[in-house]
Every structure is written in structure tokens, then in C-alpha cells.
Amino acid sequence: MIRDDDAPAKIRLYVDLPLGAGAVLEPSPAQCHYLLTVMRRRDGDGIALFNGRDGEWLARLELFERRRCRLNIELQSRPQRAEPGPALLFAPLKRIRQEFLIEKATELGVASLAPVLCRRSVVDRINRNRVVSIAIEAAEQSGRLTLPEVDQALPLAERLAARPNGQCLFVGDETGTGQPVADAFDEHGLGDLLIGPEGGFDPEELAELRAHEGVVPISLGPRTLRAETAALAALACWQALSVEDE
């Protein structure tokens with residue numbers, strides 16, 4: 001059984017394996033190093049596990065051999081449930097700012113992360129594996145039961161063409177003509193979000209966006225925000241209003 005001082009377990013790990021009572025898993029070498037060396041877990045300590053499908057399970061750490069461990073799954077602590085959130089479409093950023101954005105967007109509940117290549121993008125590619133790794137760490141820390149999907153980077157026109165007709169997309173409009181974000185959410189419901197590059201959208205891109213069915217330009221206030229700040233401000237509004245609707 002899980003000891004009283006293990007509930008809730010302080011350490012959560014994402015594992016891409018089926019979870020169920022009685023299963024025995026061997027974490028990756030990196031996860032073993034994290035548990036044994038970084039977090040100094042001991043034989044018999046409780047660890048929380050999730051895989052995005054089977055809910056959260058409490059497991060018992062078992063040491064064997066040098067620097068190796070097993071996780072013996074004992075019981076489910078939380079059943080799997082839906083965690084609805086928006087897709088965040090964003091222009092790739094320089095590494096440090098992008099990693100901050102991925103981490104915080106995951107904590108704020110995005111359902112998917114979709115890089116969009118714009119004419120004024122400062123970066124024209126992303127390291128998808130690195131993005132997934134950051135999202136996993138953020139999900140472990142924040143208590144999420146799911147991971148956001150991570151899409152490949154696509155040009156703006158292709159990303160818009162791939163969206164279902166009429167599906168609402170709120171676009172951060174740096175020209176100051178957008179609808180206040182709270183008013184837009186109240187009028188149109190909670191849709192997906194698109195934040196452009198640091199230099200703003202090209203005029204032709206703005207025209208293309210405004211002509212696309214379902215696009216709603218929004219304003220995030222009178223100040224000039226960095227791209228990652230704008231994305232997180234919009235996500236915080238989305239989350240706050242979605243909680244009010246529950």
C-alpha cells in the first residue's frame with residue numbers, strides 16, 4: 001500500500017506506457033537519474049505516474065542494481081478526464097523566449113501548440129523534440145493529466161487552410177483595431193488563439209487573416225507586448241473565462 005506521507009506523491013513522471021494496478025515499469029535512464037540523484041528518492045518512496053490516457057497512478061520505487069530502478073504500480077489516484085483548452089498558434093521565437101512560452105502555455109492548459117511561419121518571423125524552424133520535452137516537464141509540474149499536441153511548423157497560409165471552415169480563431173491584432181479580448185470571448189465563445197511574430201504581421205498577412213472565415217481580431221490592451229507575453233495574457237483570459245463557464 002501507499003504510505004500516508006506519499007499521498008499525494010510529490011513527484012510526477014510522464015511515461016508513454018500503459019498504466020494499471022500490478023504493472024511494473026522501468027523508467028528511462030534519464031528518469032532514473034532524476035529520481036535517484038536529483039530528487040534523492042529512496043527505495044519504497046511513492047511516485048505519481050501519468051500517460052495522458054489512463055489517469056494518474058501511484059507507484060512504489062524499487063531500487064535494483066547500480067543506478068537502476070523499477071516502479072511498481074499500486075493504485076489509481078485520479079481517473080482520466082478531459083482537459084479542454086485552446087490551440088495556440090504562434091510564430092516561433094528565439095530559444096529562451098520560446099521555451100518560456102511553451103512551459104507556461106502548457107501550465108495554462110493549451111490543447112495543442114502549432115508553430116506558424118510568418119513573413120516577419122525571427123525564427124524559421126523549431127526543434128520539435130525539445131518542445132515536447134519542455135511540455136512534458138511542465139505537465140509533470142502543473143498536475144495536468146494530458147500533454148498538449150505539438151504540430152510541425154507550417155506557413156500561415158497552410159495553417160489557415162488546414163482549419164475547419166468557420167472555426168473561431170482569435171488573432172492578436174497589434175494595429176489596435178481588435179475587439180477587447182473579454183468582449184470577443186463573450187460574443188464568440190472560447191476559440192483558438194493566434195499570436196504573430198515580434199515584428200507584427202505583414203500587411204498582406206493581416207488582410208489574409210481578416211478575409212478568413214472565423215477569424216476575430218482581438219486587442220490585449222494599450223501596451224506593446226512581446227509575443228510570448230501576448231500569448232500568455234490571452235491564455236490567462238481564456239482560462240479564467242472557461243472556469244467561469246463551468
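Two strands count as paired if DSSP finds at least two bridges between them. The exercises below apply this rule and others to a predicted model.

**Exercise 1. Find the order of the strands in the five-stranded sheet, and state which strands stand at its edges.**

Step 1. The five strands make up an open sheet, and reading across the sheet gives the order E1-E3-E4-E5-E2, with mixed pairing.

Step 2. Strand E1 (12-14) and strand E2 (24-25) each have a single partner strand, so these two stand at the edges and one side of each is left without a neighbour in the sheet.

**Exercise 2. Identify which strands helix H1 and helix H3 lie across, and give the angle of each helix to E1.**

Step 1. Helix H1 (residues 29-38) lies across E1, strand E3 (46-50), E4 and E5, and its direction is at about 175° to E1.

Step 2. Helix H3 (residues 128-142) lies across E1 and E3, and runs at about 145° to E1.

**Exercise 3. Classify the aromatic pair formed by Tyr-14 and Phe-50, and locate its two residues in the chain.**

Step 1. The structure holds two aromatic pairs by the ring-centre rule, and the one between Tyr-14 and Phe-50 has a centre-to-centre distance of 5.6 Å with 65° between the planes.

Step 2. Since planes over 60 degrees apart count as edge-to-face, the pair of Tyr-14 and Phe-50 is edge-to-face.

Step 3. Tyr-14 belongs to strand E1 and Phe-50 to strand E3, so that, at 36 residues apart, the pair links distant parts of the chain.

**Exercise 4. Describe the largest pocket by its volume, its lining residues and the classes of those residues.**

Step 1. The largest pocket holds about 430 Å³ of space, and 21 residues line this pocket, the closest to its centre being Asp-173, Glu-174, Arg-223, Thr-224 and Leu-225.

Step 2. Strand E13 (215-219) and helix H7 (227-245) are the elements that give two or more residues to the lining of the largest pocket.

Step 3. Sorted by class, the lining of the largest pocket comprises eight nonpolar, eight polar and five charged residues.

**Exercise 5. Work out which residues line each of the two cavities of 30 Å³ or more, and which helix gives the most to each lining.**

Step 1. The largest cavity, with about 40 Å³ of space, is lined by Val-171, Asp-173, Leu-206, Leu-209, Arg-210, Val-215 and Pro-217.

Step 2. Helix H6 (203-211) and E13 each give two or more residues to the lining of the largest cavity, and H6 gives the most, with three residues.

Step 3. By class, this lining has five nonpolar, no polar and two charged residues.

Step 4. The second largest cavity, with about 30 Å³ of space, has a lining that includes Phe-90, Leu-101, Ile-195 and Glu-228.

Step 5. The largest share of the lining of the second largest cavity, three residues, is given by H7, and by class the lining has seven nonpolar, one polar and one charged residues.

Methods
Residues numbered from 1 in each chain as written. Predicted model: local features only at pLDDT ≥ 70, side-chain atom pairs only at ≥ 80, totals over all residues. Heavy atoms only, no water. 1 Å grid on protein atoms, 1.4 Å probe; cavity = no way out; pocket = protein on both sides within 12 Å on 5 of 7 lines; lining within 4 Å. Points joined across faces, edges and corners; volume = space filled by probe spheres on them. Helix = DSSP H or I, 4+ residues; strand = E, 2+ residues; numbered from the N terminus. Nonpolar A, V, L, I, M, F, W, Y, C, P; charged D, E, K, R; others polar. Contact = heavy atoms within 4.5 Å. Axes fitted to C-alpha atoms, helices over the stretch in contact; angles between N-to-C directions. Phe/Tyr/Trp six-rings, centres within 6.5 Å; stacked < 30°, edge-to-face > 60°.
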